[in-house]
Amino acid sequence: MKSNILIIGLGKMGLSHLTSLINDKHYYNIYIYDKRKNIKIFTKKIKKSKKKIFILKNFPKQKKYSLAIIATGPEVRYMILKKLLSFNIVKTLLLEKF
């Protein structure tokens, strides 16, 4: 069974995590959410990947994630974490810049 990995926030650190996941030899589904909706910049990197990458238009709900990476600024991190855990099942969390 493929693992689902979620990245919230696609700034410098979020993009770094995405690049690492794309280059990793293991296979999983990668879900990306960034409320700025400015993800088109990264489509070249995403199209080159052989992994399934889903760009979410809305905040993720009712999903199971093996790993969720929250790579946002500190001012919104707690709100995002609370919302994420209210609507989803997350096995492992990585909070960037904690």
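**Sheet, helices and ring contacts**

Helix H3 (residues 74-87) lies across strands E1, E4 and E5 and runs at about 165 degrees to E5, where helices (H or I, at least four residues) and strands (E, at least two) are DSSP runs numbered from the N terminus, contact means heavy atoms within 4.5 Å, and angles, from 0 to 180 degrees, are taken between N-to-C directions of axes fitted to C-alpha atoms, for helices over the stretch in contact. The model is predicted, with local features requiring pLDDT of at least 70 and side-chain atom pairs counted only at pLDDT 80 or more, whereas totals for chains, interfaces and linings use all residues. Residues are numbered from 1 along each chain as its sequence is written, and side-chain values use heavy atoms, with hydrogens and water left out.

The sheet is open and comprises five strands in the order E3-E2-E1-E4-E5, with parallel pairing; two strands are taken to pair if DSSP finds at least two bridges between them. Strand E3 (53-55) and strand E5 (89-95) stand at the edges, each with a single partner strand, so one side of each has no neighbour in the sheet. From one strand to the next, the twist averages 20 degrees. Helix H1 (residues 12-23) also packs on the sheet, where it touches strand E1 (3-8), E2, E3, strand E4 (64-70) and E5, and its direction makes about 155 degrees with that of E1. Strand E2 (residues 28-33) pairs with E3 in the parallel sense over three bridges, and Ile30 stands opposite Ile53 in E3.

Rings of Phe, Tyr and Trp (its six-membered ring) are counted as a pair if their centres lie within 6.5 Å, with planes under 30 degrees apart counted as stacked, over 60 as edge-to-face and the rest as tilted. By this rule there are three aromatic pairs. One of them, formed by Tyr31 and Phe54, is stacked, at 4.8 Å centre to centre and with 20 degrees between the planes; Tyr31 belongs to strand E2 and Phe54 to strand E3, 23 residues apart. Phe54 is partly exposed, with a relative accessible area of 34%, whereas Tyr31 is buried, at 8% (buried means under 20%, exposed over 50%, partly exposed in between; 1.4 Å probe, protein chains only). Tyr31 and Tyr65 form an edge-to-face pair, with 5.7 Å between centres and 80 degrees between the planes. Since Tyr31 lies in strand E2 and Tyr65 in strand E4, this pair ties together parts that are 34 residues apart in sequence.
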